[in-house]
2 protein chains.
Amino acid sequence: MKAEIIAVGSELLLGQITNTNAAFISSRLAEAGIDVYYHTVVGDNPKRLEEAIMIAQNRVDLIVFSGGLGPTKDDLTKETIAKMLGAELESDQSALLSIEAYFNRTGRIMTENNKKQALVLSGSTVLMNNHGMAPGMAIEKNGISYILVPGPPHEMGPMFENEAIPYLLGTLGKREVIVSRVLKFYGIGEAELEYRVQSILENQTNPTVAPLASPDSVILRLTAKAQSIEAAKNFIAPVEAEIRSLVGQFIYGTDDDTLSSKAAELLIGSQLTIAAAESLTAGLFMAELADVPGISSSLKGGVVVYDEEAKKVQLDIPASLLDEFGVVSPECAAALARNVKRKFGSDIGIGLTGAAGPDPHDGKPMGTVWIGITLQDGKVETYKLNLSGSRNANRKRAARFALYYLIQEMKKRESGI
Amino acid sequence: MKAEIIAVGSELLLGQITNTNAAFISSRLAEAGIDVYYHTVVGDNPKRLEEAIMIAQNRVDLIVFSGGLGPTKDDLTKETIAKMLGAELESDQSALLSIEAYFNRTGRIMTENNKKQALVLSGSTVLMNNHGMAPGMAIEKNGISYILVPGPPHEMGPMFENEAIPYLLGTLGKREVIVSRVLKFYGIGEAELEYRVQSILENQTNPTVAPLASPDSVILRLTAKAQSIEAAKNFIAPVEAEIRSLVGQFIYGTDDDTLSSKAAELLIGSQLTIAAAESLTAGLFMAELADVPGISSSLKGGVVVYDEEAKKVQLDIPASLLDEFGVVSPECAAALARNVKRKFGSDIGIGLTGAAGPDPHDGKPMGTVWIGITLQDGKVETYKLNLSGSRNANRKRAARFALYYLIQEMKKRESGI
């Protein structure tokens with residue numbers, strides 16, 4: 001099956017928004033084993049949309065449309081397709097009820113043109129919209145499948161994943177489900193990770209194992225197809241175990257975990273409190289941790305000691321220590337961790353100091369960072385980073401490495417190592 | 001002139017990257033008065049690229065290609081176009097020198113296939129790449145203009161803006177330059193801003209005035225065309241003055257300014273030091289300010305007092321104040337600002353307290369935030385926010401509002417109001 005994604009919307013052609021929908025839909029189709037050959041964007045113009053559809057009909061057998069399903073006169077995707085396929089537009093009762101419920105829920109007044117959103121192509125399968133009003137549609141005609149989904153990404157995403165993909169697998173005669181499992185890594189680069197799990201990447205077909213890198217972390221996405229969710233999970237489990245045996249020490253979480261959600265989960269779960277002393281990161285570590293609701297029972301607070309005087313006055317870092325070892329040193333990181341723990345009366349103390357850049361700091365090259373962590377037992381671990389990014393990339397990465405090392409230290413204690 | 005943007009790259013069709021280039025190129029073409037009618041994406045496949053080019057040749061008179069100019073065998077954009085236009089590929093001396101210089105600068109070894117990147121279409125105008133190796137090209141044939149730019153956005157952007165746009169304006173016979181001026185707003189929504197400057201938005205043609213909203217701020221982009229940069233600036237100046245007379249109090253900066261760069265500029269320029277006490281933002285305010293290089297002379301540091309005990313112990317907020325007014329109150333925000341200023345011996349103190357959510361805090365609804373600011377004169381100003389976003393959107397907006405109010409307070413002092 002060859003697919004084309006047609007996004008409809010003049011705001012895309014004006015460059016006011018980016019076509020993230022095409023990337024999302026493409027990745028989900030790839031996962032389902034459907035090859036995407038083209039992306040097209042056209043404006044809110046029925047003639048040009050019609051021409052684009054004719055071109056697509058000549059070169060693919062699945063066309064996914066995103067956008068143009070709304071209530072205004074600019075929204076003409078389904079009208080244009082109805083005309084081309086010789087289909088009627090008819091009001092769908094369940095869609096209409098869902099739109100009315102949406103207005104009731106948000107306390108807004110439903111105007112007449114909103115009813116237009118409940119119109120669907122006769123003979124189509126309606127795809128439910130659980131995050132907005134316009135329903136999606138799926139229809140087949142002359143051997144070509146047409147899928148219509150709304151433009152707003154937060155409506156389109158769940159609909160495409162939960163309604164359109166199962167429809168497509170059914171059409172393809174595959175009574176299959178797709179299950180994905182994401183393993184999240186920190187402290188290892190994409191190249192090294194790929195090298196270490198090379199044989200799995202190359203030989204695995206069900207689940208497929210695909211690496212994806214974001215600017216500062218790497219994930220492996222395991223995707224299995226099977227007759228049932230249960231069976232798909234059974235395909236994934238042994239491959240995940242094999243990956244963990246090879247590179248498990250770099251895995252901090254799975255699926256929707258973030259470094260801060262995972263750290264918060266461990267802190268809250270073990271009823272430990274934490275305080276931080278931040279120099280180069282200037283609050284980023286604490287701010288990331290405070291992203292997580294419910295963290296107030298664990299995060300007592302901390303001190304940003306951006307200049308040397310603040311380190312001495314606010315956290316009693318001895319001038320002699322700074323003279324002997326410097327501000328960017330394991331000794332300073334350890335003292336920051338120890339002293340902020342004492343000052344806030346917390347179970348865990350963490351200290352970050354380093355040269356963010358653009359200039360060297362304290363004689364240490366840009367990107368040198370020391371992190372100190374002390375847990376309940378009072379022992380202090382220090383970690384050194386040599387980062388190579390821009391000033392702000394270095395600051396963000398330092399805060400995230402601190403979360404990563406915190407997770408590792410807490411896990412060590414948990415498992416009694 | 002009608003344009004189509006063809007992005008070449010299988011990674012786009014796999015959904016591994018998003019086609020941000022199309023949005024960027026579209027916005028710059030719109031500014032130059034050129035209408036974009038289509039975006040197309042094809043993979044690294046010469047036959048399908050050829051077919052896409054034939055379709056484009058039938059419907060537009062400018063085709064912009066992004067991607068496929070690199071050194072590997074997958075990179076075939078210029079080879080395919082050369083074949084279709086009957087042009088030769090010839091080595092461009094200046095491009096070759098620039099590639100050799102790039103390798104010298106980065107200390108890497110130049111391999112033979114890198115020379116392929118210096119090949120350009122015979123008869124084309126070479127567009128210099130100041131951020132990478134592959135040169136761009138511009139060529140006309142049978143009334144159709146072809147522009148080729150590399151795929152990496154940080155190479156493509158400057159090349160398109162500084163090389164391709166002037167080329168296109170020349171081709172169009174417009175001996176014109178385009179000058180843009182961006183006015184940046186905070187503390188006013190897009191709808192209200194548009195309402196207040198409605199007559200300007202509707203009637204201005206040179207410069208055009210376009211609003212653009214990001215999740216938490218609004219900008220107005222003024223774009224003038226003229227025979228010279230000087231003349232274009234003269235078109236912009238009176239319109240900017242008119243906008244400032246209407247909504248100047250919400251403008252915090254221009255062009256590349258950010259809230260933190262502007263606050264830092266005012267702090268450093270007036271040699272003032274600052275310390276912050278953060279509750280709900282947990283370090284975000286300080287971390288944003290520390291984004292700016294050179295801030296270490298002004299930012300002394302601060303305290304994150306996330307729980308109530310920390311507020312009492314670390315910043316001497318009296319229990320009686322918290323009992324009488326609560327944690328989320330102007331009194332608490334003022335005391336945080338005053339006490340952190342004293343504790344750190346800074347010129348300016350700033351305090352943030354509020355209910356980030358998801359639950360109400362201290363009996364105040366989610367989104368209620370108080371900010372206190374005290375400057376050299378010891379007077380304290382407090383500001384209330386009623387934010388309506390998610391927990392983390394509220395925390396980010398609170399930190400940014402604090403930067404915005406800080407800028408306003410410093411400007412007031414500067415102008416002696």
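Two residues are taken to be in contact if their C-beta atoms, placed from the backbone, lie within 7 Å. The structure shown in these views is a predicted model.

**View 1. The contact between chain A and chain B draws on both chains.** Chain A gives 50 residues to this contact, and chain B gives 50 residues as well. On the side of chain A that touches chain B, the elements that give two or more residues include helix H1 (10–13), helix H2 (20–31), strand S2 (35–42) and helix H3 (46–57) of chain A. Further along chain A, helix H11 (284–289), strand S14 (299–305), helix H12 (308–315) and helix H15 (391–414) are also among the elements that give two or more residues to that side. Sorted by class, the residues on the side of chain A that touches chain B are 28 nonpolar, 16 polar and six charged. For the complex, the predictor reports an ipTM of 0.75 together with a pTM of 0.77.

**View 2. Strand S2 of chain A is joined to strand S2 of chain B.** The strands S2(A) and S2(B) run antiparallel and are joined by five bridges. Within S2(B), the residue that stands opposite A:Val41 is B:His39.

View 3. Strand S1 (residues 2–8) of chain A pairs with S3(A) in the parallel sense, over five bridges. One residue of this pairing to look for is A:Ile5, whose bridge partner in S3(A) is A:Val64.

**View 4. Strand S3 of chain B is seen with its two partner strands.** Five of the five residues of S3(B) are buried, so this strand is largely enclosed by the rest of the structure. B:Leu62, B:Val64 and B:Ser66 point one way from S3(B), whereas B:Ile63 and B:Phe65 point the other way, and all are buried. S1(B) and S3(B) run parallel and are joined by five bridges, with B:Ile5 standing opposite B:Val64. S3(B) also pairs in the parallel sense, over five bridges, with strand S8 (residues 144–149) of chain B, where B:Val64 stands opposite B:Ile147.

**View 5. Helix H9 of chain A carries A:Leu246.** The helix that holds A:Leu246 is H9 (residues 229–247) of chain A. This residue has 14 C-beta neighbours inside 10 Å and therefore counts as partly exposed. When its neighbours within four places in sequence are left aside, A:Leu246 is in contact with A:Arg196 and A:Val197.

**View 6. Chain A is divided into three parts, named domain 1 (2–171), domain 2 (177–254) and domain 3 (259–414).** The C-alpha centres of domain 2 and domain 3 of chain A lie 30 Å apart. Five residues from domain 2 and eight residues from domain 3 of chain A take part in the contact between them. On the side of domain 2 that touches domain 3 of chain A, the residues divide into two nonpolar, two polar and one charged. As for confidence, chain A has a mean pLDDT of 91, with 98% of its residues reaching 70 or more. Within chain A, confidence is lowest in strand S10 (residues 208–214), at a mean of 77, and highest in strand S3 (residues 62–66), at 98.

Conventions:
Residues numbered from 1 in each chain as written. Chains lettered and ligands numbered in written order. Predicted model: local features only at pLDDT ≥ 70, side-chain atom pairs only at ≥ 80, totals over all residues. pLDDT = per-residue confidence, 0-100. Helix = DSSP H or I, 4+ residues; strand = E, 2+ residues; numbered from the N terminus. Pairing = 2+ DSSP bridges. Buried ≥ 20, exposed ≤ 12 C-beta atoms within 10 Å, placed from the backbone. Nonpolar A, V, L, I, M, F, W, Y, C, P; charged D, E, K, R; others polar. Domains from an automatic or database assignment.
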